[in-house]
Amino acid sequence: MARHLSGLLLIFVACTSSAPQARARFVLVDGDGDTVRLSAPAQRVICLVPSATDLTVALGLQSRLVGRTRYDKAPEIAQVASVGGTIDPDLERVFALHPDLVLAWEGTKGTSQRQSISARGIPVYAVALRDSAALFKTVRDLGTMLGSDSAATALSTSLRAQLDSVQASVAGLPRPTVLFAIWGDPPMTIGPHTFIAELIQIAGGRDVFSDATIDWPKVSVEEIVHRAPDVVILSVGEDSTRGSEALRRAPGWRTLPAVQHGHVAEVPADLTNRPGPLFGVAARAFRDAIHPEARPR
Amino acid sequence: MTRRTGVVLASLTLLLVAAFALSIRVGSVTLDLRAVLTALAGRGDAATGSIIRELRLPRAVAAALVGAALAVSGATFQALLRNALAEPYVLGVSGGAALGAVAAIVLGGLTASPTSISAAAFLGAAASIALVLRVAAGVGPTLDTRVLLLAGVVVGAFANAGIFLILSIADVAAFRSATGWMMGSLSGSTWTGAATLAAYLVPTLVLLLALARPLNALAIGEDTAAYLGVSVERTKWLAFGAASLLAAAAVAAAGIIGFVGLIVPHAVRLAWGSDHRLLLPASALLGATFVLVTDTAARTVVAPTELPLGAVTAIVGVPLFVALLRRRRP
Amino acid sequence: MTAAAWTCEDVTVHYPGARSPALDGITLSLTGGACTIILGPNGSGKSTLLRALLGRVPLVRGTITCLGAPLASWQRVALARAVGVVPQGEHETFPLTTRSLVAMGRYPHLGPWRREGADDLTAIDNAMARCDVTQFAERMVDTLSGGEGQRARIARALAQEPRALVLDEPTASLDLKHEMEVLVLLRSLAASGTTIVLVTHNLSVAAQYADRVVLLDHGSLVAEGPPAEVLSPSRVLDVFGWPVELIRGESGTPYIVPVR
């Protein structure tokens, strides 16, 4: 009786597991910790994560992209079709493009869009870009899935070299306190577990709000004045009137020693919205702001 | 002013002064009275002086003015609409203001400074009020209360639709900024902003005080008011205009702060009656105190993080409101 | 001949969207110092006539004068000083004391800033005493019975120290004792020179307490005059649709009694 049952169980398991398992060439664990299986390098990729699109372009593999979000504006992918938003893409367009891989945001497995895509048998890889370790893993995984490990290695090496160079340039130097702020009412800063905090660390600084309990806390100007950071790094968008010039006149801010001594640096928001191929550039920008004396001639 | 009125107002003023003093002393740095006075005089530590003179003081003044404006506006709407659940945003003010501000933040691009966002919010509020009044005035020869309420709901819903539309095309930064504005904050208070608020509040409050007796009568009925000699239509237009102006100015300065305009007049009525000659100034004082205290809490309770003021007034306001409702006679 | 408190000349009121006019060509005059009762079945225009006399409803045709001057020329405040009104179906949104309610009667005499003076306080106290509501002074109006509340509202109108008093169904929800007390009060006011105009649907009351009766039917004036003349059984049957008998009491007071 037990033998029959276990035999039935085996047959049951064999029937219900996905058929292509035996033929999967690549087996990866994505950013959410789920397993992704591909039988061949992906040729038709829809990327819903703008920074992953940037990475794909940096890898030189943008020809594999058949779909992007409407927020991706790089000239290299202007011909690639837009499928709409990042979390809520237009499913009709997604399916009409016949992708063999979809790159999605981490943590979106429960959305109806993701479930529809998975139900069709299309592999989905969740991109996690929380910090530099995740960045390197994503680069490696992209190389694997797109069948170009050499491009991935080249990009990783280059990024690694940039980060190492920045770290070396500030080795041994004292660490000033740094405020990274998105100016608002109230202003927003970053918590210790974000990649921006990591950038500050790499660039030889110390995050002045390292005791924050959430990743993007809103803090009072009063608290900023009280903590008197040595350096202020201001995130500015391309269309903002809130730059360092206005900061010099703002109540509270203008009495900061950092502001009065000109230790305020503007960094484009694109560099710090998410880690991507410009991570090294961001690290250099941070280093130049925190340790201008360490800038190579 | 009767003696009773004088005593009540004096007590509320003392309470406001205490809340003001607390708000100035408390924050990322807690200061005693002497340190505050030193900072006010311009001496002492530069950082502390900046905190007191440039940040806490204008913010406290703005908080008091916003609270007073919202409470007086709420009391007036409750009388005009003869409805205990009326509040400052009932004629679509919050929807219009939010639409203006969100549009400025998301679409304004290069021109979206705090001043222009505030101005856009005010314009949005004014536009929605004008629309509501226009709709109501077009229905009949007199300003019909029920039509006003309906028009307010409709205009508010329309504004909300506009807000969602604009938010759907916003990028992450603009989205965050827009929703942050809507949750209410006094963080960006400046002396100029406070002075503007005062310029709106003081004459409007005086006007409404002059209309105190007509408002008492209108709270019973329009016929009753007319038979007691009130110029009903003129009073309604003036009072609606004044109350809407107060709501618009408050929203432009601080975003959407709820519950103040609803609860404070109720509390005053429960304690001291519905005569607007006392109700209006008492609501102003108590509203100022309420917002001062909740704003202080918003920036100190989970320091260094600042909580949105609109959320704190709701969290504090809801249980207070329930308690107030229970105290009424069944 | 005492001067007319109100005169109406071809007064016509037509509510928008209504098929027929609410008031059609009413011409009458209400004697000053008398108690005039306006009668008629439901929908006859009684309340509309009151509102017209008080300038609260626009006229399609005709003119009204009040206390010697065209109604249109009266300022609201001045009219309120001369005419006290007790409307029907009043409901206070927020609780207030009886004294506060009665005190509102002084509003037409006070500007926006002036506090109630000794004269005002006396008028309020007298009004409350006259209407026997002094013992309720500090009680909330919504805790009073129907009759007590009505008396409080009459006190408010009296506090205005008016020359005329206009009441819309003042005894509609009152029990016998309270109804009679109100009517006795009104008669004594009339006796001291105040013009009383009141609307009721109670024929017996009208017959006994009115100096003059105005009978309306479907917006038109049917008859006007002393009760015994106006309220003949044939006319009552015609207007109200029910047969009645007119009985003379001992002092000659007419009683209208519906026939079973």
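This is a predicted model: local features need pLDDT of at least 70, side-chain atom pairs count only at pLDDT 80 or more; totals for chains, interfaces and linings use all residues.
Chain B meets chain C through a contact that takes 21 residues from chain B and 18 residues from chain C. On the chain B side, the elements that supply two or more residues are helix 9 (212–218) and helix 10 (222–227). Helix 10 of chain B gives the largest share, four residues. Sorted by class, the side of chain B that touches chain C consists of nine nonpolar, seven polar and five charged residues.

Chain B also touches chain A. Here 25 residues of chain A are in contact with 29 residues of chain B. On the chain A side, two or more residues come from each of helix 8 (221–227) and helix 11 (269–273). The largest share of that side, five residues, belongs to helix 8 of chain A. The class count for the side of chain A that touches chain B is 12 nonpolar, eight polar and five charged residues. Two pairs of chains touch, and the pair with the most contacts is A and B. Chains A and C do not touch, and their nearest C-alpha atoms are 39 Å apart.

Within chain A, the domain assignment gives domain 1 (16–158) and domain 2 (174–294). The centres of these two domains of chain A, taken over C-alpha atoms, are separated by 32 Å. Their contact takes nine residues from domain 1 of chain A and seven residues from domain 2 of chain A. On the side of domain 1 that touches domain 2, the elements giving two or more residues are helix 2 (50–58) and helix 5 (132–145) of chain A. Helix 2 of chain A accounts for the largest share of that side, four residues. By class, the side of domain 1 of chain A that touches domain 2 has four nonpolar, two polar and three charged residues.

Inside chain B, one helix pair can be followed residue by residue. Helix 4 (residues 93–107) and helix 7 (residues 172–182) of chain B pack at an angle of about 155°, and their axes are 9 Å apart. Angles over 145 degrees count as roughly antiparallel, so helix 4 of chain B is roughly antiparallel to helix 7 of chain B. The crossing of helix 4 of chain B with helix 7 of chain B is right-handed. Helix 4 of chain B contributes A98(B), A101(B), V102(B), I105(B) and V106(B) to the contact, while helix 7 of chain B contributes A174(B), S177(B), A178(B), W181(B) and M182(B). By class, this contact between helix 4 and helix 7 of chain B has nine nonpolar residues, one polar residue and no charged residues.

T289(B) lies in helix 13 (residues 276–300) of chain B. A residue counts as buried if 20 or more other C-beta atoms lie within 10 Å of its own; T289(B) has 25 other C-beta atoms within 10 Å and is therefore buried. Not counting residues up to four places away in sequence, T289(B) touches L15(B), L16(B), A19(B) and G67(B). T289(B) and L278(B) are 11 residues apart in sequence, and from C-alpha to C-alpha they are 17 Å apart in space.

Methods. Residues are numbered from 1 along each chain as its sequence is written. Chains are lettered from A and ligands numbered from 1 in the order in which they are written. Axes are lines fitted to C-alpha atoms, for helices over the stretch in contact, and angles run from 0 to 180 degrees between N-to-C directions. Angles under 35 degrees count as roughly parallel, over 145 as roughly antiparallel, 65 to 115 as roughly perpendicular and the rest as oblique. A crossing is left-handed if the near helix is turned anticlockwise from the far one by less than a right angle, and right-handed if clockwise. Ala, Val, Leu, Ile, Met, Phe, Trp, Tyr, Cys and Pro count as nonpolar, Asp, Glu, Lys and Arg as charged, and the others, Gly among them, as polar. Domain bounds come from an automatic or database domain assignment. A residue is buried if 20 or more other C-beta atoms lie within 10 Å of its own, exposed if 12 or fewer, and partly exposed in between; C-beta atoms are placed from the backbone.
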